[in-house]
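Please read it with the model open.

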Number of protein chains: 2
Amino acid sequence: MNPMHILVIGGVAAGASFAARARRLDETAKITLVERGNDVSFANCGLPYHIGGEIPVRDVLAVQTPASLKDLLNVDARTRCEALKIDRDNKRVLVRNLQTLHDEWLSYDKLMLAPGASPRMPSLPGSDDSRIHTLRNLADMDRIIAATGSGMNAVVAGAGFIGLEMAEQLQRKGLNVKIVQKGPYVLPQLDAKMAVPLEKTLALHGIGVYKNDEIVRFESGKTGLACHLASGRKLEADIVVMSIGIEPETGLARDAGLSLGKRGHILVNEFMQTSDPDIYAAGDAVETADRVFGEPVSVALGGPANRQGRVAADHLLLGEKARPYPGSLGTAIVRVFDLAAGVTGWTEKRLKAAGRPYGITTVNDFHHASYFPGAQLLTLAILWDPDSGALLGAEAVGTEGVDKRLDVLATAISAKMTVEDICHLELAYAPPFGSAKDIVNIAGFAACNERDSLVRTVSALPDDSGVQIIDVRGKAMADADPVPGARNIPLPALRNNLDKIDRNRPVVTVCALGKNSYFASRVLKQNGFDVSSLGGGLKTQIGKTGQ
Amino acid sequence: MNPMHILVIGGVAAGASFAARARRLDETAKITLVERGNDVSFANCGLPYHIGGEIPVRDVLAVQTPASLKDLLNVDARTRCEALKIDRDNKRVLVRNLQTLHDEWLSYDKLMLAPGASPRMPSLPGSDDSRIHTLRNLADMDRIIAATGSGMNAVVAGAGFIGLEMAEQLQRKGLNVKIVQKGPYVLPQLDAKMAVPLEKTLALHGIGVYKNDEIVRFESGKTGLACHLASGRKLEADIVVMSIGIEPETGLARDAGLSLGKRGHILVNEFMQTSDPDIYAAGDAVETADRVFGEPVSVALGGPANRQGRVAADHLLLGEKARPYPGSLGTAIVRVFDLAAGVTGWTEKRLKAAGRPYGITTVNDFHHASYFPGAQLLTLAILWDPDSGALLGAEAVGTEGVDKRLDVLATAISAKMTVEDICHLELAYAPPFGSAKDIVNIAGFAACNERDSLVRTVSALPDDSGVQIIDVRGKAMADADPVPGARNIPLPALRNNLDKIDRNRPVVTVCALGKNSYFASRVLKQNGFDVSSLGGGLKTQIGKTGQ
């Protein structure tokens, strides 16, 4: 019997992982990998950091080369080769060598499609200007590096994960950076509250953010490229980086008649097989199941891509021992100067848009023992099913420990844990690392208190002047940073001043972080008041004092 | 009806948490808290760090005072008061004011026992010397601070969590520190392999560690206190800190006829009720269920103590809404200079001692993307059930990211996840925070490979000269740091050199971190060799080269 021929289209995350795992499972298979770009298996998540110089040496980004894949994996990797067409009937792929322009049919027994996704580039007047860039691969990176220098003006369109990384790194390189963001806040993958500290940090670092706006046309001028915004503003740029989203590269799959999802991604089963069982697909171009509700979802992230490639190889070569891909959570994180922000699972706005019921609990606490030097506040929000208490998602922002809490909650969500369960997670505690009651436990406690009707939380200060706002912070803090319309009764004085609060009007208790206002609401509730507490405190209010 | 009288014995972690939660659930109860020491609710985990000056201000350790407990919680907290006797028939406790020596009966409707545990102090010749200290509370800390100064000699007996923190902090204060450790390695709560880097770091910081030894008598000499060791060695000390374990303070409970466990801890049910349903107990003095197997266990840690106090208050005052304490994992971590080391769940030696079957997988990888500046190696071992694959425990050591991986695995163990499940944890990845395949995923992959019979792992280099050791590292590394008895065939050259390996003798492949040796073993296995891979690589070998 001839050895199996495995053909892989796309050699970055999913494709390279698939090829490596396939070789480990089968020494005899003939494995050919075809990559349109110059490089295989490069560190695409590292690209922005070499632009800014934080990763000083370019070579570290080229994780593998065709030569090393040959040496280590006996894989025939061909770069600058583009797959043009799949002939499923004859199980072969037409491949063009982009250097020689020679076309060749490569046969396969099994095919892996890992074409990835390309940065979205809107067709706008003037958008063919060479100063307008996108960032997908090392060649894009090299062009951006060559085009940038200290003192230049950069405009970054789109404030998602990549846009924020690019803004940070271009500023690091000494450019004057402006961000244009179509939506009302940066990092639109998260809920609005999480963006407040990010926008502050961007401002502190001199990065202007133009929200609710977008570039509508480019115009080459004397002093650079003028970006005309929908608002009428004009931003002069020496370089523009477009990071407004991506499009899955599914032309090859579509032309071959493979089933695609509603938004154009390649449909796969839990073993990453497309509608043609001899063709697998993985990575940014596929649609998988959301891990929380099982809904169709496409998640363009390195972790899922790598593991999907592995699942496909296992299914092909391990047979019954192969385990299915459990779906994607969409766990993601970004560093923006001193801050980190991230998400796992569902956000509030996504739940709202889907019409799904949810509870949300926002807490603030220190990343390790508050009395240990260096303690930093972080904000954590958890989303949960009001019926079962099951966790649906989590978001966090802060300077330290954000990744850890997202990882714990990603694990908890994958395990179908409830808010009750996370109360009793026994996390590693010593003063340099955590707290006896970690913020994850605290979030669980707070959500349980809400579910047990011990507290009623509001997410914003009331507009209704009929509501009494009681600020339970200390007098000095309340004087220095007063809450409009609030009366200050510090928590320790509350029990002795109940007669100063009108029992016939609803009360909202507020404090800096949301803890003392909860304590106060317990005192008031047990004394017969109709009381709510401002969840997360003034710290996480949008557009109010206390920020 | 008179308000309920809740009496709390012990005012640090469990007792204070119980009192605070009880007040939040019941404004009307009379709550009295009796504490033998000078302080309530102090930060006991912070004590070593104030001794070393890392926590510069003492006040931050006194989290609450009797006055603040009165103000915030309307709790009557009485320090320097010792409970002498429980009269269960009449539901009252005899309490002595240690300042006035006045005795008083305090009645209770519900009683909470949170007496904690005291440092073990063996009765040795000379052990009444005032230079011999233990560390439990602020007064102990103050005495140690007063007794220590730069240039002095300190001996720390016991290299567990507290002993290592004390050694680090005394060194920080400028003392010459020696550690005497009864067992064969430091941090005996973990497995031996994890101690190797810790012992290196202690040595680098000039701390001598005397292993397999113990103090047998003290002798006051001209130049200090002589500590005579079982080995015959003599260590001169200006101060000795005993940190050789703790004893639960259960005299009061025993005298009252409450049921105790085999090792003398107070027995409680899942709602922290003792054998007398009107008496709760929580914290270091109680025995609860181990969270993995449900075995009786006593875990003296701040996190469990706080949450147990909360569970008891919920059971007393929330009724049916109260949720049981799910048991303890024993998650613990310690910082030793630049390193962190910790554990969650069961270790290999505990599983061995209990005669339980287990698999162990040890992996080394970087704490975040290897190409991102600052990437640090960490070592992670996971223990799992060979039948179901369920996680039983995890240990980690390294400079960065140890706490995060322990927390993820503590969560996974609590959720009864398997090694298969952790393959697909979708953890937060951006180059500054993690890797597309996190070391937790990698540990899952490696364990699954073992369970799927793709690899056979050995935990130590073979002693048998009949076994061929193939070192697959690069030639330069193999030449610089050769493995005794090994032949060097770098991985890329392996496929072309199969004829140089004897097919009739077993092979063990080795490399630095355990990854390339696995890759090599796959090549060899599929080519018909009887091959094993050295798990975790040379990095985690004890007493062998490669460290």
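Which residues does A:P357 touch, not counting those up to four places away in sequence? Point 2 gives the answer.

1. Basis. This is a predicted model, in which local features need pLDDT of at least 70 and side-chain atom pairs count only at pLDDT 80 or more, while totals for chains, interfaces and linings use all residues. Residues are numbered from 1 along each chain as its sequence is written, chains are lettered from A and ligands numbered from 1 in the order in which they are written, and side-chain values use heavy atoms, with hydrogens and water left out.

2. A:P357. The residues touched are A:P386 and A:L392, where contact means heavy atoms within 4.5 Å. A:P357 is found in the loop between α9 (348-353) and β24 (359-366) of chain A; helices (H or I, at least four residues) and strands (E, at least two) are DSSP runs, numbered from the N terminus. With 55% relative accessibility, A:P357 counts as exposed (buried is under 20% relative accessible area, exposed over 50%, partly exposed in between, with a 1.4 Å probe and protein chains only). From A:P357 to A:D385 the C-alpha distance is 6.7 Å, across 28 residues of sequence.

3. Relation of the chains. The same surface serves both copies, since 100% of the contact residues of chain B recur in chain A.

4. Interface. In chain B, 88 residues are in contact with 88 residues of chain A. The two chains bury about 7,400 Å² between them, 59% of it on carbon and sulfur atoms; buried area is the accessible area (1.4 Å probe) that two parts lose on being put together, summed over both. The rule finds 10 salt bridges across the interface of chain B and chain A, a salt bridge being a side-chain nitrogen of Lys or Arg within 4 Å of a carboxyl oxygen of Asp or Glu. A:D407 forms a salt bridge with B:K404, and their closest N and O atoms are 3.7 Å apart.

5. Aromatic pairs. Over all chains, 8 aromatic pairs are found (rings of Phe, Tyr and Trp, the last by its six-membered ring, with centres within 6.5 Å; planes under 30 degrees apart are stacked, over 60 edge-to-face, the rest tilted). A:Y49 and B:F372 form an edge-to-face pair, 5.1 Å centre to centre with 85° between the planes. This pair joins two chains, because A:Y49 lies in helix α2 (residues 47-51) of chain A and B:F372 in the loop between β24 (359-366) and β25 (377-384) of chain B. A:Y49 is buried at 0% relative accessibility, and B:F372 is buried at 5%. B:Y518 and B:F519 form a tilted pair, with centres 5.6 Å apart and planes at 55°; both B:Y518 and B:F519 are buried.

6. Charges over rings. A:R92 lies over the face of A:W105, 3.8 Å from the ring centre. The charged end of A:R356 sits over the ring of A:F293, at 3.7 Å from its centre. The criterion is NZ of Lys or CZ of Arg within 6 Å of the ring centre and within 35 degrees of the ring normal.
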